[in-house]
Amino acid sequence: MTRSANIGIAGAGIGGLALAILLHDRGHKPEIFERFEHPKPVGSGLVIQPVGQSILARLGCLDEVIRHGNKVIRMLGSEASSGRRVLDVHYGEALEHGRFGLSIQRASIFDALFNAALDRGIPIHTSCDISGHDGKAFLFEDSKRTKDFDLLVDASGARSRLSPLKSKQLSYGALWAKLNWVEDAGFDRTLLNQRYNGARNMIGVMNTGMMRTGETESAAFFWSLPSDSYQDWRSAGLSRWRDEAVRLWPETEPFVQQVTDPDQFTMARYTHGTLRRPYEDGIAFIGDAAHRASPQLGQGANMALLDAAALADALDRHAPAQATVAYARARRVHVAIYQAMSWVFTPMYQSNSRVLPVLRNNLLFPLSLIPPAPRVLTSLVCGTMTNPIRYLPQTTPSTRVSQSR
């Protein structure tokens, strides 16, 4: 049983908050440092897969998140020109075990985690513009520094100033908007609906439940776009975009007409990369600070939650210096597999290629319907293709760590 550790965490996002809660509940002393004056989520809707839900259950937040989210049981995509299915992944047998995708506004899951951290009295320091670290202390832009911690953790996301990760920008990103769900538009709320024009255009509509503060159901609406063409899109005007979107998918018109200002959209530029070693002397990296990929497989938030759980478990069994090594081993295989899958699948749906969509439509999709492919695809989206946290000792972790020093 390890002693109580003081852990400094950069970033009050999903991964940072989850880690702080897990550590607090084990008797450690986490502190969070956030650059915003008022911590807030960044981004639109997301999907929490069964592996991520298992971590939320450990945090005591799952029931609340489910109340504000929407159960997704199928991912369905079709070609705009023909209406032909080219993606159909069902949660299948997982549903029999109570496993499903949970689509939700990022703000809803953030609120649940943020309030859980506040309820535990976890210190959250705001307006902390972290520029680096010196040994086991964070350094701020104004040259001040924190106290020394037993371990630092970088959970500050894709824009981390601490992580050594050099990622590659992907050729495509996407515009994301939070809109009102239109019940009579004919969309099934249990589906993540997508429509493709080859791989050049991808439109998606997903019911994301309702916010804690209101009764209006929300929808995440996304439109793929080359990463370097955002200004061209704005210059062309919304009218042109609306016409194109409705031409490709007429049923989306009730959603498209809700967009009256280009600033309703957030442009997400995707990058891809993985740290070979998600730690350095005195600091560990989790979430997007450790690995980045497109959201094609819907695993981003889940990976951050799994990283947080693996690091917390490692600190429950090892001193901080050894815990970072154990954490890296625990997550290595799962991260490698999902990073590779994302790298392979993304160009099939978002790229300028003319060949890959033909391959997707006429070879890969028909093969995906032949057993055991459906079961493999279900495990892929559930996040269970391989054990997500491997190699840690299989003993039951203590609920409290020793307070002795």
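Modeller: Welcome! The second largest pocket holds about 390 Å³ of space. This is a predicted model, where local features need pLDDT of at least 70 and side-chain atom pairs count only at pLDDT 80 or more, while totals for chains, interfaces and linings use all residues. Residues are numbered from 1 along each chain as its sequence is written, and side-chain values use heavy atoms, leaving out hydrogens and water.

Biologist: Which residues lie nearest the centre of the second largest pocket?

Modeller: On a 1 Å grid over the protein atoms alone, a pocket is an open set of points where a 1.4 Å probe fits, with protein on both sides within 12 Å along at least five of seven lines; lining residues have an atom within 4 Å of a point. A volume is the space filled by probe spheres set on the points, which are joined across faces, edges and corners. Here 22 residues line the second largest pocket, and Leu87, Val89, Phe345, Tyr349 and Leu377 lie nearest its centre.

Biologist: Is Cys61 buried or exposed?

Modeller: Buried means under 20% relative accessible area, exposed over 50%, and partly exposed in between (1.4 Å probe, protein chains only). Cys61 is buried because its relative accessibility is 3%. Cys128, at 11%, also counts as buried, and so does Asn193, at 8%.
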